[in-house]
Amino acid sequence: MARYKHIDTSPRFLAVDLQRQLLPDTFEYALNRLLDRDIDLSGFDTRFSNNETGAAAYPPAMLLKVILFAYSMGIVSSRNIERACREHVTFIALSGDSQPHFTTIAGFVSSLGDDIARIFTQILFICDKQGLIGREMFAIDGVKLPSNASKAKSGTRADFERQAAKLEAAAKVMLERHREADKRGVEPDLQAKETQRLTRLQTDAAQVRQWLADHPEDRKGSKGATRKSNRTDNESAKMATSKGIIQGYTGVAAVDARHQIIVEAQAHGTGSEQELLIPVVKAMQDTLSEDSLITADAGYHSEANLKQLANMKIEALIADNNMRSRDERFADQGKYKTLPDPIHDKGGKPRKAARYQPKDFDYDPQTGTCICPAGKQLYGNGSDCTINGYAAVKFQGAQRDCLPCTHRERCLLTPHKTKARQVAFFQGRADGQESYTDKMKKRIDSPEGRIQYGRRFATVEPVFGNLRHNKRLNRFTLRGKKKVDAQWKLYCLVHNIEKLAHHGYWQ
């Protein structure tokens, strides 16, 4: 029988050269070299006033090394990072066996703020020197992630007023019950539990009242509409995702097409992607060249955004919701769609329109005639009308045909009031000028536009796949836009440093 050497994996003390644990061509080697040699961290010096007195502080470079390396391995918890600095040899090498406490790590991440933005810019400068940024095409997209906020504590001021009144009413009823119980006598254990519940109700009601006093107005959206507030993190927002409603932030990234370098990263407490396009484009203007092209999906499309991009003289391809329906390549896409998920899909089966739509009428622009679904001819009552800036041709049915018609219930919104049906067919803008949306449709539907826009998916989606799957980013662990934005930039830094490591940055 063959004999093999015994492999002993029991704990032992070893003499280890820490620097030799950071092997070239690895992420940790590039990270250590960057922060020790090429990144200016002097901005952190203003945090301390221990030149002559006070204890020495942990170097920011060391803390950044262990945090970024932990994020690259999917470790987010500060307690787990502290444990890794005691037990994992690579963490020990990066930290110099200094073993920072988890409160030090957590406090450092929470206070990064503007400092991480400056480090992000320096990393981009190094990526540019290495030739990793092409500036030909940038793809912008975002991911919605839950944050460290309670979805149950979200609502408007009116919702919180009702909640506080309900808690106070319940506490009042329970207090009356206590008084009656005191008169007849109850068991001490039951009385203690009731007292604890009463105290909890009163405390919760007081917290809601205090929040209402501190926030005298509802949170407003970009268009002035009331947006739900959150008593845990008022800068986060409720967002609809494919997995249901979450309370969190949208992490937006602008990615260069040459080597998928993230050139801009922002986190916002809103689920409306239309609001996020222009702030990201403005932030990356110094990176753009005269020939740069920006691409984004239909979530970022709006007439206002396209107009502003045109005024900024920035070339862009922003898809609209009907782009694929106009593309013959997606004619059979329906057969690839999965069945609706009974857990998350609450919409039910699509229903037909309750009333006849303009498409149900037979309109012939050549002869200027219109036939209704009942086979009756309508007469024109407006061949040169303007509705919301668009030219339209209007038709109306004759009362002799509409009043006795058997289709009135399906044709009219209020058949008991309205005598005859009217219908309008739009002909384009009344001023004869194309809208920015129409111009974008022509450009994105052209053969060249389809090729250029087709590169968007392969540019930005692998980046989110790396962050979400490989780095296990499934939620933000902090509260407040500034802190969440810093954490999102940390993850994007991990991605960019990986790119530098893979392309031989140290050579």
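**A. Seven nonpolar, two polar and eight charged residues make up the lining of the largest pocket.** This is a predicted model, so local features are used only at pLDDT of at least 70 and side-chain atom pairs only at pLDDT 80 or more, while totals for chains, interfaces and linings take in all residues. Residue numbers start from 1 along each chain as its sequence is written, and side-chain values rest on heavy atoms, with hydrogens and water left out. In the class count, Ala, Val, Leu, Ile, Met, Phe, Trp, Tyr, Cys and Pro are nonpolar, Asp, Glu, Lys and Arg are charged, and the others, Gly among them, are polar. The pocket has a volume of about 330 Å³. Of its 17 lining residues, Met323, Arg324, Phe330, Tyr453 and Gly454 are the closest to its centre. Helix 14 gives the largest share of the lining, five residues, and helix 13 (436-445) supplies at least two. On a 1 Å grid over the protein atoms alone, a pocket is an open set of points with protein on both sides within 12 Å along at least five of seven lines, a cavity is a set where a 1.4 Å probe fits but cannot get out, and lining residues have an atom within 4 Å of a point. Points are joined across faces, edges and corners, and a volume is the space filled by probe spheres set on them. Helices (H or I, at least four residues) and strands (E, at least two) are DSSP runs numbered from the N terminus.

Strand 13 (377-387), helix 11 (399-402) and helix 12 (408-411) each give two or more residues to the lining. Sorted by class, that lining holds eleven nonpolar, three polar and four charged residues.

**C. Now for the cysteines: the whole structure has zero disulfides (pairs of cysteine sulfur atoms within 2.5 Å).** The sulfur of Cys385 has its closest cysteine sulfur in Cys370, but at 14 Å that is too far for a bond. For Cys492, the closest cysteine sulfur is in Cys127, and 12 Å is also too far. Cys492 is buried as well, with a relative accessible area of 0%; buried means under 20%, exposed over 50% and partly exposed in between (1.4 Å probe, protein chains only).

**D. Strand 1 (residues 137-146) is mostly covered, with eight of its ten residues buried.** Strand 1 runs parallel to strand 9 (residues 293-296), joined by four bridges, and Phe138 has Ile294 as its bridge partner there. Strand 7 (residues 244-256) runs antiparallel to strand 1, with nine bridges between them. In strand 7, Thr250 stands opposite Lys144. Strands count as paired if DSSP finds at least two bridges between them.

**E. Ten aromatic pairs turn up in the structure.** In one of them, the ring centres of Phe464 and Trp488 are 6.3 Å apart and the planes sit at 15°, so this pair is stacked. The two residues are 24 apart in the chain, with Phe464 in helix 14 (residues 447-470) and Trp488 in helix 15 (residues 481-502). Both Phe464 and Trp488 are buried. Elsewhere, Phe27, Phe69 and Phe91 form one aromatic cluster. Rings of Phe, Tyr and Trp (its six-membered ring) pair if their centres lie within 6.5 Å; planes under 30 degrees apart count as stacked, over 60 as edge-to-face and the rest as tilted.
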